[in-house]
Amino acid sequence: LEQTWFKHVMQTSAHDSGAVMDVISEVHQLASRLRDRVMYQHRSKSLRRLCQTRFVKTHAEQILQFNRRTDRTLLKEGILVRHTQTGKRKKYRFFLFSDLCLYASGGGRSKLKVHNYLPLASLTIREAPQEDDVDPLVSFQIDSPVKSFAVSASTPAKKMAWMEAVEHACRQLEREAMDKE
């Protein structure tokens, strides 16, 4: 098939090189759209599988339906320790999606229960404030209209990886919003 197509293109190019370039451009655009569609379907199946296997059913449905986004992708997952204003510390599993950050508890034999959904459109992060119970080497602050708190990673490298991932996701979401305008 490739050889037949190539032979046809070469014969046509002898007569009209502009038409060949148009055909090649159309084939390229078609291949790009097909690739995007396959990737979207793969991400959707992966997200659905993640939600159904890891989260309580009602929370899985909420994650899939949150803000009616159909292009949500998981960017990062890991354990962070959340610091409360009363000084308590609790481990949560954090999930960074392309438009959303959430944290959940549970796991092991039970499914995860989501504690809060933090839309990235209104989320900011910064270095953790200087407080007695927060180690600035491994901690950073998450600020959101929904909830604001400090979190700690297990190492400075993991802290930086989380901060960079969140900042990148927020910038990407801003670019997408500007492109739609």
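I note that the model is predicted.

I then asked where V138 lies in the chain. V138 belongs to the loop that runs between β5 (124-127) and β6 (139-143).

Next I listed the neighbours of V138. Leaving aside residues up to four places away in sequence, V138 touches V151, S152, A153, S154, T155, P156 and K159. For P156 I also looked up the C-alpha separation from V138, which is 4.7 Å, although the two residues are 18 residues apart along the chain.

From that list I turned to S152, which sits in strand β7 (residues 149-152). I recorded a relative accessible area of 10% for S152, so this residue is buried. Which side chain forms a polar contact with that of S152? I found H83, at 2.6 Å. With residues up to four places away in sequence again left out, S152 touches L80, V81, H83, V138 and S139.

My last entry concerns helix α3, which spans residues 57-65. Which residues of α3 are buried? I noted H59, A60, I63 and L64. They lie on the same side of α3 because they cover an arc of only 135 degrees around the axis. On the other side of α3, I found K57 and Q65 exposed. After α3 comes N67, for which I recorded a positive phi, near 55 degrees.

Methods:
Residues numbered from 1 in each chain as written. Predicted model: local features only at pLDDT ≥ 70, side-chain atom pairs only at ≥ 80, totals over all residues. Heavy atoms only, no water. Helix = DSSP H or I, 4+ residues; strand = E, 2+ residues; numbered from the N terminus. Buried < 20%, exposed > 50% of the residue type's maximum accessible area, 1.4 Å probe, protein only. Polar contact = N/O pair within 3.5 Å; in protein donor to acceptor, adjacent residues only side chain to side chain. Contact = heavy atoms within 4.5 Å. Arc of directions from axis to C-beta.
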